[in-house]
Amino acid sequence: MSDKTVLTDGENSRSSSSPAAPAELDGGWKQLARRFFRHRLAGAGLILFALLALMALFAPLIAPFDPYAIGRSYQPPSWTGGHLLGTDQSGRDVLSRLIYASRVSLSVGVGAVAIYVAIGTLVGAVAGYFGGWIDSLAMRATDVFMSFPYLMVILVMVSVLGPSLGNIILALGLLGWPSVARLIRGGVLSVKEKEYVKAGIALGYSTPRLLFLHILPNVLAPVLVNATFGIAVAIITEASLSFLGMGVQPPTASWGNMLIEAQSFSTLSGRPWLWVPPSCMIIIAVISINFMGDGLRDVMDPKGRR
Amino acid sequence: MLNYLLRRILIAIPVLAGITLFNFLIINMAPGNPVEMFINPSMSQADIDLRKEQLGIDDPVFIQYFRWLGNMLQGDFGYSYSSYEPVAKVVGARIGPTLILMGSSLLLAYIIAVPIGILSARKQYSWLDYSATSFSFLGVSIPNFILGLGGIYLFALTWKLFPTGGMYTLGKEKTFGDLLHHLIMPALILATASAGSMVRYVRSSVLEVLGQDYLRTARAKGLSEFVVINKHALRNAMIPIITVVGLDVPLLFGGAVITEQVFGWPGMGQLMIQSIGSRDYPTLMAINLIAAVAVLAANLLTDIAYAAADPAIKYGKR
Amino acid sequence: MGGHHDSERNGGPLLKVDGLKKHYPVRSGLFGRNTGQVKAVDGVSFRLEQGRTLGIIGESGSGKSTMGRLILQLEKPTEGGVTFQGRELTGMTERQLRPMRTDMQIVFQDPYSSLNPRKRVGDQLGEPIRVHRLLEGAAVEKRVQELLEIVGLSGHYRNRFPHEFSGGQRQRIGIARALALNPKLIVCDEPVSALDVSIQAQILNLLKDLQGELGLTYLFIAHGLGAVDYISDEIGVMYLGKLVEIGDSARLFGSPRHPYTAALLASNPPGSPHDRRREESVLQGDIPSPLHPPAGCRFHTRCPYAQKRCGTEEPVLTGEGSHKVACHYPLH
């Protein structure tokens with residue numbers, strides 16, 4: 001082998017111009033991360049979300065009072081009385097309940113999304129890879145689930161299963177998968193025709209190895225965006241369910257069920273410390289996540305960047 | 001085209017069957033035997049058995065499902081467990097108010113979102129664009145019930161501009177003006193989420209269309225900017241916008257449940273919360289079914305509108 | 001490395017292809033009825049001896065790439081047989097095929113989609129070795145390094161991702177991957193047509209050197225003639241799913257017997273550097289749709305010498321010795 005000189009980087013770089021440079025995110029998770037952090041809103045969202053996560057994690061250390069301890073009801077916020085955000089009907093410290101409630105929201109968000117991403121990935125991957133009647137069946141199932149008036153079905157499911165944190169996570173997890181399944185299926189359909197997958201078959205790789213180690217890692221990027229927005233949707237849904245009394249049950253504090261009291265006009269007009277803080281927390285949580293989702297979307301789709 | 005339509009309708013049938021089955025199965029998982037509702041302690045065991053047989057409770061689940069489906073196809077939704085009236089009548093009375101609320105908020109969403117989206121795209125990176133984008137962001141991010149509470153606090157309790165809830169003023173004659181007065185706040189609030197996402201869609205699809213060659217040609221022909229935007233850009237930008245409606249309807253139903261509850265609007269959403277409280281399963285099934293049919297119909301209409309708006313769409317393959 | 005197991009062979013050719021067909025159904029209408037067939041490959045037969053190279057040429061749409069994939073059982077043939085090392089591959093399950101796959105590999109055309117963008121080069125080369133348990137532990141790493149060096153790349157490139165390489169380098173990596181399992185047969189599916197001319201020569205030389213060193217057998221599929229001429233012992237010419245002429249490379253290029261081969265040669269003489277030039281310049285019209293191939297000789301619609309008989313009667317591939325042609329009125 002006479003001409004087998006070791007090629008250096010600069011050499012024959014011209015040939016990289018042959019087919020259109022792949023728009024794919026060639027192995028560049030690192031590059032993605034860099035672009036994400038340069039995205040200002042995404043960075044702000046990440047910081048806010050990290051603070052919320054820390055708050056949820058260290059709730060017992062941060063909360064000034066026991067969130068279940070009963071005292072004098074409806075004390076207004078004061079710097080001197082110890083109750084920075086006042087107390088509720090049962091005299092429980094609003095600030096402490098607010099801090100503890102972050103645990104509910106975050107666990108619903110992350111738990112539900114983890115469940116449905118897992119289901120959706122499996123369904124989408126199998127449907128896209130095997131095609132045929134499996135694919136048709138799976139796609140009809142996504143049609144069915146996507147035609148559900150989402151919140152209504154969840155309300156019925158939770159009322160049947162019994163309203164609790166676990167059941168809310170389960171119901172959201174069982175209903176959220178179709179959009180992920182469709183994303184994954186579409187990705188698998190295009191990636192399975194790629195030559196590196198054909199090469200994998202030629203190399204004698206098993207189907208699960210090809211599907212899960214070679215195809216899936218190349219189709220997960222759009223799911224990341226979907227899952228991020230999904231966390232926000234799950235948090236809003238939990239808050240709505242709890243607000244309607246069909247979610248997390250008192251005495252456990254959730255931002256949604258702290259707002260139940262605000263349905264009485266005397267609280268709404270006379271005791272704003274009971275409903276303004278939890279409302280703000282919900283909005284902050286949702287906005288921080290949506291900022292991250294926006295950032296991720298911009299980062300992954302260079303076309304749509306502003 | 002006809003072929004395409006026929007195919008879409010044929011696809012909708014198994015989807016509808018799936019929806020009814022899922023709905024039925026969930027509710028069958030419910031604890032508590034509905035017969036208990038119709039039984040009183042003074043009944044003998046024979047009476048109870050007879051009652052059970054009449055209700056078909058002891059039959060296998062799938063037989064119950066087909067019986068329920070068959071009855072429903074004949075318009076028989078059973079009897080409400082709480083009011084003992086026919087479900088069709090109980091739910092029927094609630095459809096109108098919900099349609100009024102959802103319809104007007106969809107309309108509002110369009111009236112708000114389309115001009116804002118277009119302006120935002122025309123004046124990209126202006127303060128108007130930034131505030132429109134922020135508005136749409138907030139609209140998507142703030143849950144309906146928080147907006148509702150805030151709205152009641154400000155506009156009803158503090159400034160007393162609008163009533164706190166209901167559809168008509170109690171004890172007064174039901175006039176259109178009174179209805180409108182009650183409708184404005186809930187409809188606006190229900191519209192925010194849809195409007196928020198719609199602004200985004202309109203903005204991005206107009207931006208995309210504005211960059212196309214044929215607009216440059218239209219301008220070069222000396223057409224006025226107004227004509228260019230309204231006749232050429234908008235028509236093409238409408239196509240992606242149409243699809244948003246189909247996606248929005250399921251969300252709108254969810255939003256309606258919450259908005260109706262917050263504002264005491266006597267629609268299906270409020271009935272749903274009441275029925276959950278009283279474990280009134282026949283009513284719940286009927287509500288879910290009606291909502292699902294509405295969603296399917298909206299999707300079908302969207303597809304048709306989409307096909308009509310875009311002559312390039314292929315009907316054959318999918 | 002490659003040729004140690006030659007004793008397994010039982011005298012026959014390494015690869016035997018008999019009446020290979022691939023028809024794709026075309027669905028349309030309300031219920032997706034079967035309304036036709038695309039005959040991508042329609043009855044191809046040939047033999048390939050160990051250590052030799054058979055070049056396959058033809059326009060795009062001639063079915064040459066599909067045939068390569070059929071031989072490797074990457075797609076299931078509709079009809080016909082593929083005998084590799086004396087064993088019939090068609091009809092085997094994927095599980096039965098897996099151990100056979102170490103002996104037959106493929107190098108693809110597009111160096112951009114032929115490598116997994118998310119895996120390090122070293123992992124992509126080491127994975128087949130680990131999966132088939134050819135080596136274990138540190139020996140795999142050593143072999144990966146060796147493979148990179150065999151194809152002319154530095155061993156420490158193994159920690160890089162595909163996007164850090166140029167097209168030519170990627171094609172070298174694709175070749176290294178094909179070599180990882182010590183195969184006997186490599187199907188080269190237009191391995192140089194996506195590369196710049198100067199790099200084409202490097203890759204062709206590499207393939208030729210590897211053949212000499214490892215005793216490889218190539219099925220070399222190509223669009224243009226230049227590359228094929230350089231590397232092949234024998235050449236087959238495909239048109240609309242059929243082999244129209246096959247024979248010794250020097251004889252076939254020296255005195256082509258099928259009018260189609262002649263037309264290809266006239267538009268693009270062998271050895272010409274302009275490998276990418278389209279052949280259509282001499283041939284009239286476009287290649288007909290494989291969905292409705294012409295009756296009789298498939299080439300008669302474009303053939304300058306076509307007679308009445310060509311439109312009705314399909315010629316069969318015949319000829320004395322190894323040079324065969326499917327034409328009623330062959331040249332010479």
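# Questions about a predicted three-chain model

Visitor: At which residues of chain A does UniProt place the feature "transmembrane region"?

Guide: The unreviewed UniProt entry places this feature at residues 41-63, 106-132, 144-162, 210-236 and 273-293 of chain A, and such annotations may be inferred rather than shown by experiment. Please keep in mind that the structure itself is a predicted model.

Visitor: What makes up the spans 41-63 and 273-293 of chain A, helix or strand?

Guide: Over residues 41-63 of chain A the chain is 91% helix and 0% strand, with end C-alpha atoms 29 Å apart. For residues 273-293 of chain A the values are 100% helix and 0% strand, and there the end C-alpha atoms lie 31 Å apart.

Visitor: Which part of chain A carries the annotation "domain: ABC transmembrane type-1"?

Guide: According to the unreviewed UniProt entry, that annotation covers residues 102-293 of chain A; this span is 81% helix and 0% strand, and its end C-alpha atoms are 20 Å apart.

Visitor: What share of chain A and of chain B counts as buried?

Guide: A residue is called buried because 20 or more other C-beta atoms lie within 10 Å of its own. By that test, buried residues make up 50% of the 306 residues in chain A, and 36% of the 318 residues of chain B.

Visitor: How do you know that chain A is in contact with chain B?

Guide: Contact asks for C-beta atoms within 7 Å, and 34 residues of chain A are in contact in this way with 38 residues of chain B. Several helices of chain A supply at least two residues each to the side that touches chain B, among them α5 (132-147) and α14 (272-300), but α6(A) gives the most, with 9 residues. The residues on this side of chain A divide into 26 nonpolar, 6 polar and 2 charged.

Visitor: Which residues touch the most other members of the largest nonpolar core?

Guide: They are Ile154(A), Leu155(A), Ala176(C), Leu219(C) and Phe220(C), in a core of 247 residues. Helix α4 (residues 94-130) of chain A gives the most to this core, with 16 residues, and the core also draws at least three residues from each of domain 1 (2-73) and domain 2 (102-266) of chain B. As for Ala176(C), the residues touched, leaving out those up to four places away in sequence, are Leu125(C), Leu147(C), Leu148(C), Ile150(C) and Val151(C).

Visitor: Why is strand β10 of chain C called mostly covered?

Guide: The cut-off for a buried residue is 20 or more other C-beta atoms within 10 Å, and 6 of the 7 residues of β10(C), residues 242-248, are buried, so the strand is described as mostly covered.

Visitor: What makes β10(C) a partner of both β9(C) and β11(C)?

Guide: Two strands pair if there are at least two bridges between them; strand β9 (residues 234-239) of chain C is joined to β10(C) by 6 bridges, and β10(C) is joined to strand β11 (residues 324-325) of chain C by 2 bridges, so both count as pairs, each antiparallel. Ile235(C) stands opposite Gly247(C) in β10(C), while Glu245(C) stands opposite Val325(C) in β11(C). β9(C) and β10(C) form a hairpin with 2 residues between them, and in the turn Leu240(C) has a positive phi of about 45°.

Notes
Residues are numbered from 1 along each chain as its sequence is written. Chains are lettered from A and ligands numbered from 1 in the order in which they are written. This is a predicted model: local features need pLDDT of at least 70, side-chain atom pairs count only at pLDDT 80 or more; totals for chains, interfaces and linings use all residues. A residue is buried if 20 or more other C-beta atoms lie within 10 Å of its own, exposed if 12 or fewer, and partly exposed in between; C-beta atoms are placed from the backbone. Helices (H or I, at least four residues) and strands (E, at least two) are DSSP runs, numbered from the N terminus. A nonpolar core is a set of buried Ala, Val, Leu, Ile, Met, Phe, Trp, Tyr and Cys residues joined through C-beta atoms within 7 Å. Domain bounds come from an automatic or database domain assignment. Two residues are in contact if their C-beta atoms, placed from the backbone, lie within 7 Å. Ala, Val, Leu, Ile, Met, Phe, Trp, Tyr, Cys and Pro count as nonpolar, Asp, Glu, Lys and Arg as charged, and the others, Gly among them, as polar.
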